[in-house]
Amino acid sequence: MTIPTFILKNALRNKRRAILSISSVAASLFLLVTLQVALRELTLPPESAGAELRVAVRNRISLTNPLPVRQRSLIEKIPGVAAITPFTWFGGKYKNEGGMTFAQFAIDPKALGTVFAEAKMDMTGYQTFVAKKDSCVIGKITADKYGLKVGDRFSLDSTVYPGSLTFEVAGIYSGTPDDRNMLFRQDYLDDSIGMPGYVGMWWLKVTSPEAMPGVIATVEKTFANSSAEVKAESERAFQLGFISMLGNIRMLVASISTVVVFTLVLVAASTMSMSIRERFRELAVLKALGFRRRELFAFILAESFGLSAAGAVLGIGTAYVLYTYGNISQMTHGILISFEVTPRIIGFAALVAALLGIISAIAPAVAVTRMSVVQGLKTLD
Amino acid sequence: MASPENIVVIRDLTKRYSQGEIEVTALDRVSLEIATGEFLALMGPSGSGKSTLLHIIAGVDRPTSGECHVQGVDVARLNESQLADWRNQNIGFIFQTFNLIPVLTAAENVELPLLLTQLNRSQRRKQVAAALDLVGLSDRSHHLPRQLSGGQEQRVAIARALVTDPALIVADEPTGNLDSHSAQDVLTALQSLRRDAGKTIIMVTHDPKAAAFGTRQIHLEKGELS
């Protein structure tokens, strides 16, 4: 027998309790990792290759307020602007599905080759999109999900505009961080049921990252004191601003995570206290045999740490395997595209597990080291 | 101080402790000498202070005043860490309730005190086998305590007490939880340890029949030797 064997035998002496303890740590850490990954995905959306050159221009009052089409010609003249496209939310429902299943935006079809150049699609599809007014292009994820192919026709009932529109799939794009959207032509929307003369917002492409601050300032200045004042910002700033509309998610997730960790500490500390309390006499005997305080402290710490570590391996490992190798898009019905368990999140969860092991061992370890042999022998005699 | 023949020398040993607001005198100026190789039976009624005296001699309790020299060492002057080392090297414990670790086999229980020594695994195994052989339990080395009878458990505890080859073995009511047959076996084992291995044994007991196995009997009454 060795000291590690002795510690292991003690830790597993009540197998049911050990399994339950490990499971509770594993479940809590799995939840913690899930929350942290979700928080990261929501607050740090993936950036596409062209993000550093894109500027979002929206109505200063609200994202839901439209902008007049006449702004386009003025923006195009601003030095540093390479391309521009309208970007109008359609809010269509696919077939009989209850809610909005994928986002649809009306754009200038040529923007696929300029503003959103990272979207990869075959040339035929692009040419069809440019040539045919009722055509659309669909992200690969959505196309796969609904089994849509080039040439298919389908209708969407808008929740924003009255009536519905029928589209023909011109192409299927991929290569963006979020290949779920459907893009169709602004002029088709204008001609059919939309509001001619208005768009949802503008996306610009600037000539260089250095030109961006100047473009943003000039765009805002150009429409200052007009009937449609605008707010221009980088894609990154726009995404973060959009996320902030969801509420203080960071605070919400942090609160839930804190409760999870706090509950976990209470459960683990209670389990360790019970486990050690039952063995007070045995620990007193070990003291009598010559084991010193620091050795008993180390035994208890190792036992507690071991249980936490086992729970951590199980909980963090399960989360890692599930979110890394599982199809998260399928699991969340397309709500989430990626769900990356980063080394930083793994490190954070492992740190929580380590602290848990230490904190839950402190009270029983201190009680044991303070206990005299005589007192310990009397406890259960 | 201890003469070479005396393994334990106690001078004016007093132990007081508080029980709520009442101060209890467990030992009152006790003086005692125990010769090397002696099998001392310490008798007395409950609360007479015999276990307290045993605990102080074994270095698990401290006196309020007085001196307790064991093998020339004043145990009261050692700090906690020194005392732990000293107990491991010099004292073998036998308890009334055996106090074996339930998740360890007989051999592993006996090996426990050796984990604190510098011995390697094979040396430890050799000593464990020898100790179990001495108490006649070689064939039970892989049994858990729950698979042993009370008498066998106590013999494992005896093997654990002598595996480090201590000079002094202290036994607190070692037959208190045993039937008469098993008690006889345990007492015979202790007797042979004194006779064949030259160990000094101090045994606390209520039982005059058990005390009769000792080479000397002393009585404590209200913390004083009578």
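Predicted model: local features only at pLDDT ≥ 70, side-chain atom pairs only at ≥ 80, totals over all residues.

Visitor: Why is A:G171 called buried?

Guide: A residue counts as buried if 20 or more other C-beta atoms lie within 10 Å of its own. A:G171 has 23 other C-beta atoms within 10 Å, and is therefore buried. This glycine belongs to strand β8 (residues 164-173) of chain A.

Visitor: Which residues are in contact with A:G171, leaving aside its neighbours within four places in sequence?

Guide: Those in contact with A:G171 are A:M121, A:D122, A:G125, A:Y126, A:T128, A:F129, A:V137 and A:V150. For A:V137, which is 34 residues apart from A:G171 along the chain, the C-alpha separation is 4.8 Å.

Visitor: Why are β2 and β5 of chain B placed at the edges?

Guide: The order in this open sheet of 4 strands is β2-β1-β4-β5 (chain B), with antiparallel pairing. Since β2 (22-35) and β5 (73-74) of chain B each have a single partner strand, one side of each is left without a neighbour in the sheet.

Visitor: How do you know that β3 and β9 of chain B pair, and in which sense do they run?

Guide: At least two bridges are needed for a pair. Strand β3 (residues 39-43) and strand β9 (residues 216-221) of chain B are joined by 4 bridges and run parallel, so they qualify. B:Q217 in β9(B) is the bridge partner of B:A41. Helix α6 (residues 180-197) of chain B packs on the sheet, where it touches β3, β7 (168-172) and β8 (200-205) of chain B. The direction of α6 makes about 155° with that of β8(B).

Visitor: What does each chain give to the contact between chain A and chain B?

Guide: Chain B gives 21 residues and chain A gives 17 residues. On the side of chain B that touches chain A, α2(B) has the largest share, 6 residues. The residues of that side divide into 10 nonpolar, 5 polar and 6 charged.

Visitor: Into which domains is chain A divided?

Guide: Chain A has domain 1 (3-45 + 248-380) and domain 2 (61-228). The centres of domain 1 and domain 2 of chain A, taken over C-alpha atoms, are separated by 49 Å.

Notes
Residues numbered from 1 in each chain as written. Chains lettered and ligands numbered in written order. Domains from an automatic or database assignment. Contact = placed C-beta atoms within 7 Å. Helix = DSSP H or I, 4+ residues; strand = E, 2+ residues; numbered from the N terminus. Nonpolar A, V, L, I, M, F, W, Y, C, P; charged D, E, K, R; others polar. Axes fitted to C-alpha atoms, helices over the stretch in contact; angles between N-to-C directions. Buried ≥ 20, exposed ≤ 12 C-beta atoms within 10 Å, placed from the backbone.
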